[in-house]
Amino acid sequence: MTSRTVTLLDVARTAGVSKSTASDALQGSGRVAEATRDRVRAVAEELGYRPNSAARRLRRSSTGAIGLHLPQTATRLDYYMNLAFGAVARAQEDGFDVVLLAPASSMGSAGGATGPGGASGPVASRVDGLLVIDPEVGDSAVPGLLDAGVPVVTGERYLGPTAAPTGAVICDNAASLTALLDHVTERGARRPAVLAPAGTSAWATALRATAASWGQEHGVDVALRTVPFAATPGEAEETTLALLRADPAVDAVICAPDGAAPGVLRAAATLGRPVGPGAPRPTAGEPTPLLVASCVDGTATRSAEPPVTAVDLRPAAYGRACAELLCDILAGRTPPDTVRRHAWALETRASTTAGPA
């Protein structure tokens, strides 16, 4: 059989159960023994069964779609595009389409009032559940989305004073910046700086707090500068130039926003600061080598010259994880209030290492 011809009845017959039992097992509903549920799912996977999403929607009075709300700056950032692709791929495995909610739609201006709860009716009527990524306390759409009357999974925690989401997938952002600060000091940096993002997302808040707490713990005065959440390379360059001119002792710059690190490299070149630990410590009057790293990996960091050490947040896998948690909650496979953790990896490159990582 092929996936196009396998039916629910085929799965039921092969597993030795009734059609209704097979349906309950695959949807995570009904009173089905765990062993039976596992057997039915294994048979379905072996046969290549794919549910008829249209029929399933009719049975469940489902819209067959989930909504995806991204930060307003997301459209020009590789990170969020890769995250969205991962979410779409995972949602389709459960038969859901993904609807990207534009800011106006999310805020309810297309048929609903703005503010807490204002978007509930329009949004809830269009989707079975919502993914809200990097929710900002200052985003007026978020309270209404959290109160939309459908399950909501957030990518990162929401720090605002409104209803809690149904579930969340979080990264240890404090640990990732700590790893970068530890790395550059191990490579010889004595006066690190962090270009931290502005804003009220959990990511931005954690990075600013960690830069301060790491400095206190290690007895190091970390030079902290705030840049826009989605700072451009030009904005990062301008900030870095001002920083290095005011404080030439800075010997490492960690840039948070996605895609902004090449601006730090341009600033270093303008000031004659060699990038990387390969150059010897300077004598009087010679420029101090500069280590450069990024809190977000992507095309800009990998293709820079030199390539930039960065934290790989694995955005496509993160999007999959968010969509998977929402699908599991919708199917009853996972209880509400579930929080899952997403792993990151430190990718060391020539901007902080003397040779190949």
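**The sheet, the cores and some helix contacts**

Student: Let's start in strand 12. Which residue there is the bridge partner of Asp312?

Tutor: Asp312 has Ala345 as its bridge partner in strand 12. Strands here are DSSP E runs of at least two residues, helices are H or I runs of at least four, and both are numbered from the N terminus.

Student: What should I know about the model itself?

Tutor: This is a predicted model, where local features need pLDDT of at least 70 and side-chain atom pairs count only at pLDDT 80 or more, while totals for chains, interfaces and linings use all residues. Residues are numbered from 1 along each chain as its sequence is written, and side-chain values use heavy atoms, with hydrogens and water left out.

Student: Back to the strands. How many bridges join strand 10 to strand 12?

Tutor: There are 3, and the two strands run antiparallel. Strand 10 covers residues 309-312. Another bridge pairs Val311 with Leu346 of strand 12. Two strands count as paired if DSSP finds at least two bridges between them.

Student: And in which sense does strand 9 pair with strand 10?

Tutor: Parallel, over 2 bridges. Strand 9 is residues 291-294. Ala293 has Thr309 of strand 10 as its bridge partner.

Student: What is the strand order in the sheet?

Tutor: The order is 7-6-8-9-10-12. The sheet is open, has 6 strands and shows mixed pairing.

Student: Which strands stand at the edges?

Tutor: Strand 7 (223-227) and strand 12 (345-347). Each has a single partner strand, so one side of each has no neighbour in the sheet. Neighbouring strands are turned by 20° against each other on average, direction ignored.

Student: Which helix packs on that sheet?

Tutor: Helix 11, residues 233-246. Helix 11 touches strand 6 (192-197), strand 7 and strand 8 (252-255). Its direction makes about 145° with that of strand 6. Such angles run from 0 to 180 degrees between N-to-C directions, and axes are lines fitted to C-alpha atoms, for helices over the stretch in contact. Contact, or touching, means heavy atoms within 4.5 Å.

Student: How does helix 11 cross helix 12?

Tutor: Their axes come within 7 Å and cross at roughly 40°. Helix 12 is residues 261-270. The two helices are therefore oblique to each other. Under 35 degrees would be roughly parallel, over 145 roughly antiparallel and 65 to 115 roughly perpendicular; the rest is oblique. The residues in contact include Ala236 and Thr240 of helix 11 and Val264 of helix 12.

Student: Where is Val250?

Tutor: In the loop between helix 11 and strand 8. Val250 is buried, with 0% relative accessible area. Val250 lies 59 residues from Arg191 in sequence, but their C-alpha atoms are 4.8 Å apart. Its contacts also include Ala193, Leu243 and Leu290.

Student: Switching to the core. Which residues touch the most other members of the largest nonpolar core?

Tutor: Leu131, Leu177, Ile254 and Cys295, out of 47 residues. Helix 14 (residues 315-331) gives the largest share, 7 residues. A nonpolar core is a set of buried Ala, Val, Leu, Ile, Met, Phe, Trp, Tyr and Cys residues joined through side-chain atoms within 4.5 Å.

Student: What does Cys295 touch?

Tutor: Among its contacts beyond four places in sequence are Leu177, Trp203, Ile254 and Val311. A second, separate core has 20 residues, including Ala193 and Val292.

Student: Last topic, helix 1. What do its buried residues pack against?

Tutor: Helix 2 (19-27) and helix 3. The buried ones are Leu8, Asp10, Val11, Ala12 and Ala15. The axes of helix 1 (residues 8-15) and helix 3 (residues 34-47) come within 9 Å and cross at roughly 125°.

Student: And what comes just after helix 1?

Tutor: Gly16, with a positive phi of about 75°.

Methods: Buried < 20%, exposed > 50% of the residue type's maximum accessible area, 1.4 Å probe, protein only.
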